Amino acid sequence: MSAARHHCVLCVPGQGHHPTRRPSAAEPYFDAALRLWLCSEPPHNHHARMHEVLRSLDLDLLPEGMHPLTYRVLVLAVHAGAFADAGVAFAVADAAASRALRSLLLEVADALPPNEERVA
């Protein structure tokens with residue numbers, strides 16, 4: 001499929017964007033297959049706008065001392081919120097991105113405490 005057939009979820013043709021980011025500019029993405037489509041050219045440049053939002057929250061790159069799993073979930077939530085604010089559904093790029101999202105969610109579930117039995 002050509003890049004011209006992928007569309008920014010907010011407007012026009014777009015490119016893959018990694019919503020869970022990376023620890024630093026020199027390191028690989030946390031979840032390389034987890035992508036969504038955002039435009040990266042005027043007039044909207046939603047890709048750059050998302051980076052501006054993340055920078056304003058000190059989340060463009062992994063903050064010192066923050067656990068990477070916490071960071072990945074937070075930046076994913078920021079993306080979902082931005083989509084909701086724009087009135088569009090949060091959508092990942094493709095089946096590989098869906099599998100990567102599933103893997104992230106399972107990693108989160110594994111990090112949570114086990115279920116406790118209810119006391120009657």
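The following exercises, each with a worked solution, concern a predicted model of one protein chain.

Residues are numbered from 1 along each chain as its sequence is written, and side-chain values use heavy atoms, with hydrogens and water left out. In this predicted model, local features need pLDDT of at least 70 and side-chain atom pairs count only at pLDDT 80 or more, whereas totals for chains, interfaces and linings use all residues.

**Exercise 1. Confidence and overall layout**

Determine how confident the prediction is, and state the order of the elements along the protein chain.

Solution. Begin with pLDDT, the predictor's confidence in each residue, from 0 to 100. The protein chain averages 87, and 88% of the residues score at least 70. Residues 1-5 have a pLDDT below 50. Beyond near neighbours in sequence, that stretch has three contacts in the model, a contact being heavy atoms within 4.5 Å.

Next, list the elements. Helices (H or I, at least four residues) and strands (E, at least two) are DSSP runs, numbered from the N terminus. The chain holds three helices and two strands, and from the N terminus on their order is β-β-α-α-α.

Finally, consider burial and contact range. Of the 120 residues, 29% count as buried; the term buried means under 20% relative accessible area, exposed means over 50%, and partly exposed lies in between (1.4 Å probe, protein chains only). Among contacts between residues at least 6 apart in sequence, 57% join residues at least 24 apart.

**Exercise 2. Helix packing**

How do α1 and α2 cross, and how do α2 and α3 cross?

Solution. Axes are lines fitted to C-alpha atoms, for helices over the stretch in contact, and angles run from 0 to 180 degrees between N-to-C directions. Angles under 35 degrees count as roughly parallel, over 145 as roughly antiparallel, 65 to 115 as roughly perpendicular and the rest as oblique.

For the pair α1 and α2, the axes come within 11 Å and cross at roughly 125°. The helix α1 is therefore oblique to α2. Met50, Val53 and Leu54 of α1 make the contact with Val75, Val78, His79 and Ala82 of α2.

For α2 and helix α3 (residues 95-111), the axes come within 11 Å and cross at roughly 130°, so these two helices are also oblique to each other. Here Leu69, Arg72, Val73 and Leu76 of α2 meet Leu101, Leu104, Glu107, Val108 and Ala111 of α3.

**Exercise 3. Backbone features in the loops**

Is arginine 21 buried or exposed, and is aspartate 58 buried or exposed?

Solution. Arginine 21 lies in the loop between β1 (15-17) and β2. Its relative accessible area is 5%, so arginine 21 is buried. Not counting residues up to four places away in sequence, arginine 21 touches Tyr29, Phe30, His51, Leu54, Asp60, Tyr71 and Val75. Its phi is near 60°, a positive value in a residue other than glycine.

Aspartate 58 is placed in the loop between α1 and α2. With a relative accessible area of 60%, aspartate 58 is exposed. Its phi, near 55°, is likewise positive in a residue other than glycine.

Proline 43 is in the loop between β2 and α1. The peptide bond from proline 42 to proline 43 is cis, with omega near 10°. Most residues other than glycine have a negative phi, and most peptide bonds are trans.
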